[in-house]
Amino acid sequence: MLTIAVTIAFACIAAALLLNFWRLVRGPDLPDRILALDTMYINTVALLVLFGIHLGLTVFFEAALLIAPMGFVGTVALCKYLLRGDIIE
Amino acid sequence: MVELLVSFFLVAGGAFALIGSIGLARLPDLFMRLHGPTKATTLGVGGILVASMLHFSAIEAGVSLHEVLVAVFLMITAPVSAHLVARTMIHLGGGDKGIPDAPPGAKSRTGMKNGNEPELEKT
Amino acid sequence: MKCWLPQPLFSLCLWMVWLLLGNTLAPGQMLLGAVLALALPLFSVRFWPDRPRLRRPLQLLRYFAVLLWDIVVANLVVARLILGPTRKLRPAFIRLPLDLCHEFAIVVLANTISLTPGTVSADLSLDRRTLLIHALDVEDEAQAIARIKDRYERPLKEIFEC
């Protein structure tokens, strides 16, 4: 039961990542690409947590916890760069 | 019983994350695309985190609650990044057609200041 | 009291985050977390020039409960819109006149709007009186504004009372 659910969830997240990647490649504008990257890191958090459940280990959780702030800071930095032409004023 | 609940949250979470990305891929313009990732993907990851919480509480001694941290963090940051992306798009001139005129005396803040933080004066 | 515990709620949050990070209730960790939770607000008090005053903490909890429910409903609505035919969607920008004056309350409102059905906050006017919102599918603009004002802005105004 759990194995099937984990497999379905893996498939969903993998498909989601592929769609994000398609949007990242296709564009058409820079904000689209930033949005695609933003969605990708959120999905990566989900993927890591899923992998933790799959293996029954909690170590992967720390990585998920680290990726979440890093991705957010990355998005903010990219947006600020486009908005102001500078990140740290 | 717990396994059933965990499976439900896993499948629901995965489905919502997928819906968010489908929205990102298929909707026609950026402002519409924003809706998918901010809502559906956040809830999807939330569902998977709840599943992880239940799973590890059941198989290990004691309760596992640290997933709440990631869920809360994503709930707080997802709207902020959506706001920033929207504002970037407006700044780059993407939404000119649909934006209603500002009431007199109100200038747009776009490109002036980052509205989601307490102000830091430029020194 | 006031000088060495400037933000009791902030301290409580920090303490809980520390315990959640360690995922433990060991006495040593609780003590260390308490020390940090007391020390950090003392050192960071100068970064908060005007702190929001929370008048009714219990109502804030109620607000979050309503919000959590709305997020789940919002997702079902948005899922239907995304998977349905895209040509039928009527996206629009809406200007929402704000009654709130404290910036923290405005941030909470903007985040709420982004997380609930079919609306994303996009920009704030320079004088902080209007919020630009993008909605995925609007039938009636006035009704959407009234809904946001009634459901989210009024409780926030009561909670933060500026």
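Helices and strands are here DSSP runs, of at least four residues (H or I) for a helix and at least two (E) for a strand, numbered from the N terminus. The legends below describe views of a predicted model.

**View 1. Chain C, a chain of helices and strands in the predicted model.** Under that definition, chain C holds five helices and three strands, and along the sequence these elements follow the pattern α-α-α-β-α-β-β-α. Of the 162 residues of chain C, 40% count as buried, and the accessible surface of the chain comes to about 9300 Å², with 68% of that surface belonging to carbon and sulfur atoms. Among the contacts in chain C with a separation of 6 or more, 70% are accounted for by residues 24 or more positions apart.

**View 2. Chain B, with four helices and zero strands.** From the N terminus on, the elements of chain B run α-α-α-α, and 54% of its 123 residues count as buried. The accessible surface of chain B comes to about 5200 Å², of which 68% belongs to carbon and sulfur atoms, while residues 24 or more positions apart account for 57% of the contacts in the chain with a separation of 6 or more.

View 3. Chain B averages a pLDDT of 75, and 75% of its residues score at least 70. Over residues 103–123 of chain B the pLDDT is below 50, although this stretch has 42 contacts in the model beyond near neighbours in sequence. Where pLDDT is low, the predicted coordinates should not be read in detail. For the complex, the predictor gives an ipTM of 0.85 and a pTM of 0.81.

**View 4. The interface between chain B and chain A.** Here 50 residues of chain B are in contact with 48 residues of chain A, and the two chains bury about 4200 Å² between them, 79% of it on carbon and sulfur atoms. The count of salt bridges between chain B and chain A is one.

**View 5. The salt bridge between A:D32 and B:R33.** A search of the whole structure finds one salt bridge over all chains; because A:D32 lies in helix α2 of chain A and B:R33 in helix α2 of chain B, the pair joins two chains. The side chains of A:D32 and B:R33 meet at 2.1 Å, taken from N to O, and both A:D32 and B:R33 are buried. Side chains of opposite charge can pair when their charged atoms come close.

View 6. B:T41 lies in helix α3 (residues 35–59) of chain B and counts as buried because its relative accessibility is 0%, the cut-off being under 20%. Leaving aside neighbours within four places in sequence, B:T41 is in contact with A:T39, A:I42 and A:N43 of chain A, and with B:F16, B:A17, B:G20, B:S21 and B:G36 of chain B. B:S52 also lies in helix α3 of chain B, and at 2% relative accessibility B:S52 counts as buried too. Residues up to four places away in sequence not being counted, B:S52 touches A:V49 and A:I53 of chain A together with B:E67 of chain B.

**View 7. Helix α3 of chain A and what covers its buried residues.** Helix α3 (residues 59–84) of chain A has 26 residues, which at 1.5 Å a residue should span 38 Å, and the end C-alpha atoms of the helix are 39 Å apart, in agreement with that expectation. The buried residues of this helix are A:F61, A:A64, A:L65, A:A68, A:G71, A:F72, A:T75, A:V76, A:C79, A:K80 and A:L83. An α-helix has 3.6 residues a turn, so residues three or four places apart point the same way. What covers the buried residues of α3(A) includes α2 (30–55) of chain A, α4 (67–91) of chain B and α1 (8–22) of chain C. Just after α3(A), A:G85 takes a positive phi of about 75°.

Notes: Residues are numbered from 1 along each chain as its sequence is written. Chains are lettered from A and ligands numbered from 1 in the order in which they are written. This is a predicted model: local features need pLDDT of at least 70, side-chain atom pairs count only at pLDDT 80 or more; totals for chains, interfaces and linings use all residues. Side-chain values use heavy atoms; hydrogens and water are left out. pLDDT is the predictor's confidence in each residue, from 0 to 100. Contact means heavy atoms within 4.5 Å. Buried means under 20% relative accessible area, exposed over 50%, partly exposed in between (1.4 Å probe, protein chains only). The expected span of a helix is 1.5 Å times one less than its number of residues. Accessible areas come from the Shrake-Rupley method with a 1.4 Å probe; for residues, only the protein chains shown count as cover. Buried area is the accessible area (1.4 Å probe) that two parts lose on being put together, summed over both. A salt bridge is a side-chain nitrogen of Lys or Arg within 4 Å of a carboxyl oxygen of Asp or Glu.
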